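Trainee: Please take a close look at a single part of this model and go through it in one connected account.

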Number of protein chains: 2
Amino acid sequence: MDQVDIFKALSNKTRLQMLEWLKEPELNFPGQKEYGYAEGVCVGQIQAKANLTQSTVSEYLSILQRAGFIKATRKGQWTYYKRDEAAFERVSKLITSTL
Amino acid sequence: MDQVDIFKALSNKTRLQMLEWLKEPELNFPGQKEYGYAEGVCVGQIQAKANLTQSTVSEYLSILQRAGFIKATRKGQWTYYKRDEAAFERVSKLITSTL
DNA sequence: CAAATATATCGACTTTTCCCGATATATAGA
DNA sequence: TCTATATATCGGGAAAAGTCGATATATTTG
């Protein structure tokens, strides 16, 4: 994943929102309470908040995943996504050091 | 300038290069030695390094400027561009705090 | 003021991104 | 195994970005 693709992943309002929502899953996805938040939040919950179709949300999540910002865990018929905080640290440093 | 536009500005290989070149103007733009580097580097010098037309380079610089990464100074018939390091710090923090 | 030079803006064309509906795949349960 | 549910992938039309050549604007200089 090169630098340009990392910034492209962040170049969309909805994708930025998704990242912010995932900072506080309990707060932003109360509908998932009964299943817990250990592995993250599932696609359906995220779609319900984003005002976009299932296919678009699925694609956006995979763009964020390829850029490294989130990690996926398949569990039964659900895919859970959660943030990878280390990626944010890396990109932050990239901006002050490399760029 | 909203967050999305900041990241869009960084979503292009040539624009990223321009920012890196401007970190070391003396090294990357020796052709400008006689005019000094106080105000930055002029468009012509940057165009000579980027392999793009004058119009494209001019537009790219203005995209970077609108995003806050560089500042322009007009001096005679030349426009000099230089980095605004504070902007990089801001975006770096944005990534670790807001995002 | 006319010519030369540096930069900015405009119009057009191509490529990429956005976002959708339809379809495919995976898993769970009856 | 059949059906229901969750997610992923595919194909496409609309919008945005990339990039160019031509032209406009500003400034310097003869």
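**The interface of chain A and chain B**

Mentor: Across the interface of chain A and chain B, 12 residue pairs are in polar contact, both residues at pLDDT 80 or more (a pair of N or O atoms within 3.5 Å, one able to donate a hydrogen and the other to accept it; residues adjacent in sequence count only if both atoms are side-chain atoms). The model is predicted, so local features need pLDDT of at least 70 and side-chain atom pairs pLDDT 80 or more, while totals for chains, interfaces and linings use all residues. Residues are numbered from 1 along each chain as its sequence is written, chains are lettered from A and ligands numbered from 1 in the order written, and side-chain values use heavy atoms, without hydrogens and water.

Salt bridges across this interface number 0 (a side-chain nitrogen of Lys or Arg within 4 Å of a carboxyl oxygen of Asp or Glu). Chain A brings 21 residues to the contact and chain B brings 21 (heavy atoms within 4.5 Å). Together the two chains bury about 1900 Å², with 66% of that on carbon and sulfur atoms (accessible area, 1.4 Å probe, lost on being put together and summed over both parts). Of the area that chain A buries against chain B, 28% comes from A:S11, A:I95 and A:L99, more than from any other three residues.

On the side of chain A that touches chain B, α1 (3-9), α2 (13-21) and α6 (85-98) each supply at least two residues (helices are DSSP runs of H or I, at least four residues, numbered from the N terminus). The most come from α6(A), with 8 residues. By type, this side of chain A holds 8 nonpolar, 7 polar and 6 charged residues (Ala, Val, Leu, Ile, Met, Phe, Trp, Tyr, Cys and Pro count as nonpolar, Asp, Glu, Lys and Arg as charged, the others, Gly among them, as polar).
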